Every structure is written in structure tokens, then in C-alpha cells.
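The following explanation leads the reader through selected parts of a structure, from a helix pair to single residues and then to one helix in detail. Please keep the sequence and the model at hand while reading.

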Amino acid sequence: MFEKFSKYLVPIAGKLNNNRYLQVLRDAFMLAFPLTIFGSIFVVLTNLPFLDKLMSDSAIATLQSTFGIASSATMGIMSIFVVFGIGYYLSRTYDVEAIFGGAIALVSFLLLTPFVLQPETGEAVTGVIPLDRLGAKGMFLGMITAFLSAEIYRKVVQKDFTIKMPAGVPPAVAKSFAALIPAFVTLSIFLAIHVIVTLVFETNMHDVIYNAIQAPLVGLGSGIIPTLIAVFFIQILWFFGLHGQVIINSIMDPIWNTLMIENLEAYTAGEKVPHIISKPFIEIFTVGMGGTGMTLAVIIGLLLFMKSRQMKQVGKLGLAPGIFNVNEPIIFGLPIVMNPIIIVPWILAPMVVTLVTYLAMSAGIVPPPTGVAVPWTVPIFINGIMATNSITGGVMQLVNLTIVFVIWFPFLKAADRVNVAKEIEAEANQKIS
């Protein structure tokens, strides 16, 4: 059964993992990662639950308004970083000047962005970009624009439609002139799109893409059923030795990150957080519990309840990394990869925990993640509190840890009995020899 399943799944997963555009998209989001972490830290610090016990309401408001720029200048304009990253990394895969690819992608995106702010007074203010267009609302248009502009730019360059400077000209000057015609062609195309959409259809590309593509996809991705399907494929890919987190995240990150930014925008504005499912939900309540598959509970079981020397040794090796959510020692040491005894709890436990967490947040028992980006290496309980701005987020993780342990325990005992029998047999053979 495993051979038949892997015959079809592994080639598809391999193609996804090696897909140029998915790799570029993953790298572009990682470009934004350290910046969003910086902004998230200040969101956490300015919204600590006990601040109202130490400071007055006016002091808290001053603190939040003063340091709110940290979030606005990072997570609030995340689309800019992603657009530049896509243009840069995609151009680099084609061996054309990457920095110009990133810059052209960014300008192409801005050409499609309405520089008009419509405040509550009803009077339009021109020359001002609404911040949401550079954040969650502009994410999908930004990605589409970046990919298209980088492709146009590199094709013009590869057709050799460039200005060549004589030898002796400084490299920076020569590269600038070489990018002149490709940049002009690419930006002219996006300016023409802007003019047509604005004058003929009396709208803008942000609203077109948001209503036609982004809103339906984000609405679908915020549901529990698609999330459970994604978790299932993460686990099954890892079972066959493929990095499921990287493959599935490359597809789902645009949706999960958009949901995260929308949550943060609502949270910092003092509004109700609109989504339960988001990037922090996936990371904190799955990966953030010992690594993919939530194997910190498995490590506890190996150390405390197993008799096999091999399994105890694997538990010892996996404990320190597992605390910081690194679990390759368990995945390949237990092993989990291609181990038929382990496949049921490996797939079942994360799906059950995801569903339980979703139901607890839907019922209001635990608040949903606020949208802050928590580094995935932060240990369990601490990261749960940081993600939800509530101690109940950490408690939810401990409940989930117990659920994972209960699901895994009988399967670990079965594996333990097999390993103990093998160890006894090996010792007996050694004595005979």
C-alpha cells in the first residue's frame, strides 16, 4: 500500500518542491520574516495583559501610539517586502541582474496602487497610499504583479534589448544603462494596465484582484476543512521523507500570511480578531509543540515510559532540540519515516489537535492568535501566550500535548515491545558468539 501511494505522491511532491515559482515565493516570505518578527515584538510588548495594572489608560494609549510605528513599518507593509523579494529571487533564478528585478517589481506594483485615501470625512486625499493596500489587501495583487514584471524584465534582457556601455565604464553605471530598456518596457506595460482599468472600467487593479481572487481564496483558506487537508498532506509527505512543511507552506503561505496580517490590523485597531486560522495558528499549535507532528509529547513518552534502550536514547537525543521545536532526531531516529507502526498517530494526532484548538477558539474558550509573528523556535507554552496574548493560549498547548501523548502511547508501546524483543535477541546472540 505504501509503495503504491508513494509511487504517485512522491513525484508530485518532488515537482512542487522543485517548482521555480513556489521556491521564489517561499524565499520572498522569508525575506520579510525578520522584519515581521521585529514588528511583532513591539505589538506584544505594548499589549501585555497586565499593563492596565501598572499604567493608566492614557499612558497605555501613548505607549501604543508611540511604538505602533514598529508594526506599521514592518507587518503593515508586508506586501512591499514580498513583492521586492519575488522580483529579486525570480530574476536571480534566470541569471539576470536581480536587484533591478526587485526594484522593477516594486514599482510595477505601485503603478497599480491607487494613491488616494478616502477618510471618514468623505473628502479624498490624493498622493497618499492607504496602508492596507501595502499590507493584507494588496498581497495577492503584489504577488501576481511581481511574478509578471520579473518575467517581462528577464525576457527583454535575454532578448538582448539592452544598452551596452563601452569598456571602462564603472560596473554600477553599465548595469543601470543595461536595465534601462527592460525597465521602461516593463513599467510601460503596467502603466498601460493602470490607465485602462482606471479610465475605462473606473476602478483599480487592487479591488479587481481582491474581489475576484484574494477574498474567495482567503475565505476558503480560513476554514477548518481545508486546514485539516493541509495538515494531512504535511504529515503524509514527511512520512515518505519529504519536507511536508516546506512543500505545503509554499502553497498555503500566501493565504495564511494574509489572514495573519488581517488579524494584526484588527487587533492593533482594537477590533475583534476576524480569523482563527492563520499563519501563527498553524505554527504555534502544530509546529510550535516540538516540531512537525507535535513530537514533544512523543519525547516525553520515550523518556518516561519506554523500556527499549534504543528508544530511550532517541528520546535523550531529541529532548534538547525538541524544546526548541526541532524534531529531525525523532523523525529520522525513531524512525517516523516509512515506519508503518507510527503512521496512524503521526497523521491522526496533529489533525485532532488542530480540530480541538479550532473548536476551543470558536467557542471563545481560547482567544485566536492576534496576528503577531512568533519565532517558531520559541518553546511551548511561552509561544502560545505570545501568539494569543493570553495565558489560555499556553494552557491550550498543554491540553494539546496531553492529547498527542494519549494518541501516541499505545503505538509507542507496540514499537517498544518490538525493539525490546530485538535487543534481547541481539544480546542472546552475542553471548552465544
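Helix axes are lines fitted to C-alpha atoms over the stretch in contact, and the angles between them run from 0 to 180 degrees between N-to-C directions. The model considered here is predicted. In it, helix H8 (residues 139-158) packs with helix H11 (residues 205-221) at an angle of about 110°, and their axes lie 8 Å apart. Because angles of 65 to 115 degrees count as roughly perpendicular, H8 is described as roughly perpendicular to H11. On the H8 side, the contact is made by Met-139, Phe-140, Leu-141 and Ile-144. Their partners in H11 are Met-205, His-206, Ile-209, Ile-213, Gln-214, Leu-217 and Val-218.

Helix H8 also holds Thr-145. Is this residue buried or exposed? The relative accessible area of Thr-145 is 1%, and since buried means under 20%, Thr-145 is buried. Leaving aside residues up to four places away in sequence, Thr-145 touches Ala-105, Ser-108, Phe-109, Leu-112 and Phe-190.

Ile-276 is placed between helix H13 (244-268) and helix H14 (279-284). With a relative accessibility of 17%, Ile-276 counts as buried, because the cut-off is under 20%. Which residues does Ile-276 touch, not counting those up to four places away in sequence? They are Phe-281, Tyr-358, Met-361, Ser-362, Pro-368 and Pro-369. Ile-276 and Thr-357, 81 residues apart in sequence, have their C-alpha atoms 9.4 Å apart in space.

The last stop is helix H16, which covers residues 309-323. Its 15 residues reach 21 Å from the first C-alpha to the last, close to the 21 Å expected at 1.5 Å a residue.

Ser-308 caps the N-terminal end, with a side-chain oxygen 3.3 Å from the backbone nitrogen of Gln-310. Just after H16, Asn-325 adopts a positive phi of about 65°.

Methods: Residues are numbered from 1 along each chain as its sequence is written. This is a predicted model: local features need pLDDT of at least 70, side-chain atom pairs count only at pLDDT 80 or more; totals for chains, interfaces and linings use all residues. Side-chain values use heavy atoms; hydrogens and water are left out. Helices (H or I, at least four residues) and strands (E, at least two) are DSSP runs, numbered from the N terminus. The expected span of a helix is 1.5 Å times one less than its number of residues. A polar contact is a pair of N or O atoms within 3.5 Å; within protein, one must be able to donate a hydrogen and the other to accept it, and residues adjacent in sequence count only if both atoms are side-chain atoms. Angles under 35 degrees count as roughly parallel, over 145 as roughly antiparallel, 65 to 115 as roughly perpendicular and the rest as oblique. Contact means heavy atoms within 4.5 Å. Buried means under 20% relative accessible area, exposed over 50%, partly exposed in between (1.4 Å probe, protein chains only).
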